[in-house]
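Let's take a look at a pair of helices and then at a strand with its neighbours. Have the structure open while you read.

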Amino acid sequence: MELIKPGRQFDFMSKRWLFIGLSAVLLILSIISFFVPGPKLGTDFKGGTEIEVAFRAPVSSAEVREAVTKSGFDSPDIVSVADQANPNRYLIRVHEVSTLSEQQKAAVRDRMCLPPENGSVPEDRCPPAVRATEVKFSPGGDKISTRYDVAPDLEGIRKQLEGIEGVELRAGANNPLVVSERDHKVELHLKSKGDQLMDGLREHLGADKVPEQALRVEWIGPKAGAQLRDAAIKSVAITIFFIMAYIAFRFDIRFAPGGIVALVHDVGIALGAMVITQREITLSTVAALLTIVGYSITDTVVVYDRIRENLGKHRDMSFAAVINFSLSEMLGRTILVSMTTLLSLVMFLFYGTGVIKDFAFTLVVGIAVGTYSSIYVAAPLTEWIDRRFFGSNAGKRSKKVSRVRTQKRADAVV
């Protein structure tokens, strides 16, 4: 299949400043979008609890938000999920996580009669059967492990935790549970924020509308979210650095800056599109950005390879003319490859759900911009670097050949 007839030439370089200006405007808009309206970070980066619920009866997002707020959660994010199998499916996000605060941990230790260092506890309130000698908290904040010197009183331990704000035992006959009779070790399972959310929904919307369990429950602490955010930024930066080194080694130093600027251009505009449309930036988004980096540099390397090949074949042409010639040769191939990839992504964009749609949207923007940047960002910048810092050797060769030909014609006339 041939979209472009062989031998047809396009003057891409004559329009390069127009498109470079367009790229500059898009990048500026992307930078501004990080301040207004600002990125919408997902639970992966800012921390919080996320549950997905398929309600048994029709319920509006306003009713769900009101029920979550009445349950003691601030600024919930309620998102309706398109699903034919579950028409009343919602994604609920809150900033709170199950991890216990230091104040809550101190209250638990005090109630469980854990003696302070070099201290003691009152005998009347803390008989040996409920006097803990060790109290440990799980990283997720939904489990407490304790030890005792004698056989523990499980019912007394249960009553010790009553009344502590934000600390509530999960319902069940085996909670607390003795996990080691020899060591008198006891485990207590607490209600997570996901459990508390489901309880609040049942209380305010009714058990006939709220299912017994959520479809999905995820949470991440703010510290872990910050670490993931920093790791994501480092991964993109390290990837770009090594790609620059590869381009400089694979071709020469003239080509590396153009390839890197094109990468930053593609990632910046794709990220800006996510922010402007207020789509969530999550680890899946970072994966999409890294995919864009790989796709963009692949397209740029193919273009560079053809330019370098034609520089050796057509020594009488200027660098700009070689770029026009090379891009014209590859235009049909570039359109076919990009359109084939975009068609599959568009299906995910329209028929996907949740994270899949955001992932597909990022890739659609990135591939479209990446194809354009290989032509109007990477190649023109390489030509400018060659002309500015390397004396445009191709141009000099062209002028030299022209002078030789002129001299030969003059000699023939004489």
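The crossing of α9 and α11 is right-handed, a word used when the near helix is turned clockwise from the far one by less than a right angle, with anticlockwise making it left-handed. By class, their contact has 14 nonpolar, 12 polar and 1 charged residues. Here Ala, Val, Leu, Ile, Met, Phe, Trp, Tyr, Cys and Pro count as nonpolar, Asp, Glu, Lys and Arg as charged, and the others, Gly among them, as polar.

Keep in mind that this is a predicted model, where local features need pLDDT of at least 70, side-chain atom pairs count only at pLDDT 80 or more, and totals for chains, interfaces and linings use all residues. Residues are numbered from 1 along each chain as its sequence is written, and side-chain values use heavy atoms, leaving out hydrogens and water.

The axes of α9 (residues 283-313) and α11 (residues 355-389) come within 8 Å and cross at roughly 30 degrees. The two helices are therefore roughly parallel (angles under 35 degrees).

Now for strand β2 (residues 48-54): 7 of its 7 residues are buried, so the rest of the structure largely encloses it. Buried means under 20% relative accessible area, using a 1.4 Å probe and protein chains only. G48, E50, E52 and A54 point one way from β2, while T49, I51 and V53 point the other way.

| Partner of β2 | Sense | Bridges |
|---|---|---|
| β9 (residues 216-220) | antiparallel | 5 bridges |
| β4 (residues 89-94) | antiparallel | 6 bridges |

Within these pairings, T49 stands opposite W219 in β9, and A54 has R89 in β4 as its bridge partner.

Terms used
Axes fitted to C-alpha atoms, helices over the stretch in contact; angles between N-to-C directions. Helix = DSSP H or I, 4+ residues; strand = E, 2+ residues; numbered from the N terminus. Parallel < 35°, antiparallel > 145°, perpendicular 65-115°, else oblique. Buried < 20%, exposed > 50% of the residue type's maximum accessible area, 1.4 Å probe, protein only. Pairing = 2+ DSSP bridges.
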